[in-house]
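Reader: Hey, I've got a protein model open and I'm a bit lost. Can we go through it together?

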Amino acid sequence: MTEFEQNQAENRQSMEDAINSVQEVNVGDVVTGEVLAIEDKQVIVGIQGAGVEGVVPAKELSTSPVEDINEIVNVGDILDLVVISTIGKDKENGSYLLSKRRLDAKKVWEKIEKDFQAGKVIEAPVTSVVKGGLVVDVGVRGFVPASMVEDHFVADFSPYKDQTLAFKIIEIEPSENRLILSHKAVIETEKEKKKKEILANIHEGDVLSGRVARTTDFGAFIDLGGIDGLVHVSEISHSHVAKPSDVLVVGDEVKVKVLSINLEQERVSLSIKETVPGPWENIEEKAPVGSVLEGKVKRLTSFGAFVEIFPGVEGLVHISQISHKHIATPHEVLHEGDEVKVKVLEVKPEEYRIALSIKALEEKTASEAEPKDVEAYELPEENTGFAMGDILGDALKEEVEEITDDSKE
């Protein structure tokens with residue numbers, strides 16, 4: 001074989017190899033294309049290995065809106081594309097309509113499906129607020145129903161726009177471009193985790209800080225940073241509280257003492273009043289024997305009057321210490337709500353009892369002298385107060401003790 005014939009044979013073989021190496025392009029194929037030119041609304045690419053060109057419209061370049069093609073691609077860039085359809089059959093080598101967006105979306109759906117199967121939490125920005133919820137961008141469009149945004153009612157969702165939030169995938173259907181997400185589920189999971197951590201680390205007797213989450217007729221719920229504990233109405237203050245909302249406002253920061261913990265029911269009982277000094281603390285210094293104080297008559301009984309001298313502290317003015325004149329009942333000279341001056345006769349902090357006198361501050365006139373039969377039962381001033389129970393009988397003494405015990409509440 002001559003040299004000329006050998007060169008011809010090699011050329012024919014090269015052409016056959018080139019022809020055989022050209023891949024066939026079909027709709028649905030994933031191909032690689034080199035950007036050859038950038039036009040106003042489309043990109044021209046050469047499909048590698050096929051020897052043909054394809055067109056990528058601007059809307060098919062990205063899953064996000066494209067304002068300027070030049071910000072997305074440059075001449076010479078290599079792109080992964082999917083063949084949408086054939087065009088220009090009458091042109092030499094033909095041409096194909098290609099999409100980068102659809103291929104990207106397919107990859108995103110595949111990833112989302114894996115995240116869904118794994119129960120993974122994903123993050124995405126909120127692109128818009130629509131009627132019924134939020135629209136987010138996870139590479140494809142996702143929707144968050146209003147009921148799945150928060151674990152509480154939200155009146156206005158506009159502040160959520162442009163925020164990046166964490167979501168749990170609730171429902172996915174790529175064939176319908178359906179993706180339902182929930183931010184509420186993430187919040188609830190985090191709260192449950194925090195709740196278990198708090199329950200494992202707090203103990204009875206601990207003093208903690210918290211915020212008033214809500215009030216009810218029977219008490220107030222305090223947010224401890226992941227779990228709500230209950231302060232019963234009786235544990236709010238040393239003084240009487242009719243309604244928790246009278247003294248506590250939602251959002252108030254308070255100190256509380258842990259009274260008890262029920263791990264099974266995940267309940268924590270708290271007290272506010274045990275974190276502040278009690279009204280009877282240092283009472284001997286605040287109301288020493290012989291001191292004169294102002295108070296208000298809180299209630300009247302057949303044997304005397306209970307007078308509040310400090311918030312939560314009541315003392316007894318025995319009937320014999322109300323007036324120099326003989327009276328059959330305290331109601332003859334006193335009424336509930338009256339402001340009176342009293343003298344402290346005796347203080348028993350361990351028993352939460354204080355004996356008071358009104359008449360000790362009044363001068364006794366001759367006309368106010370009491371009958372001798374009454375004077376026979378009167379003790380010296382320094383022994384008055386609850387000692388009268390010894391003279392009036394055990395039954396009356398028990399009644400006095402019962403009422404005065406109530407006064408320390």
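Reader: Okay, what's the bridge partner of Leu 316 in β20?

Author: That's Ala 355. Keep in mind that this is a predicted model. Strand β18 (residues 313-318) and strand β20 (residues 353-357) run parallel and are joined by 2 bridges.

Reader: And what do 5 of the strands close into?

Author: A barrel, in the order β16-β17-β18-β20-β19, with mixed pairing. On average, neighbouring strands in this sheet are turned by 50° against each other, ignoring direction.

Reader: Switching topic: how many salt bridges does a search of the whole structure find?

Author: It finds 20. One of them joins Glu 192 to Lys 196, with the closest N and O atoms 3.6 Å apart.

Reader: How far apart are those two in helix α3?

Author: They're 4 residues apart in α3 (residues 184-201), so about one helical turn separates them. Glu 192 is partly exposed at 31% relative accessibility, and Lys 196 is partly exposed too, at 48%.

Reader: Which residues are linked with them in a network of salt bridges?

Author: Lys 195 and Glu 266 are in that network along with Glu 192 and Lys 196.

Reader: What about Arg 211, which side chain does it meet in a salt bridge?

Author: Glu 253, at 3.4 Å from N to O. This pair links distant parts of the chain, 42 residues apart: Arg 211 sits in strand β11 (residues 207-216) and Glu 253 in strand β14 (residues 253-262).

Reader: Is Glu 253 buried or exposed?

Author: Exposed, with a relative accessible area of 54%. Arg 211 is partly exposed, at 44%.

Note on methods. Residues numbered from 1 in each chain as written. Predicted model: local features only at pLDDT ≥ 70, side-chain atom pairs only at ≥ 80, totals over all residues. Heavy atoms only, no water. Pairing = 2+ DSSP bridges. Axes fitted to C-alpha atoms, helices over the stretch in contact; angles between N-to-C directions. Salt bridge = Lys/Arg side-chain N within 4 Å of Asp/Glu carboxyl O. Buried < 20%, exposed > 50% of the residue type's maximum accessible area, 1.4 Å probe, protein only.
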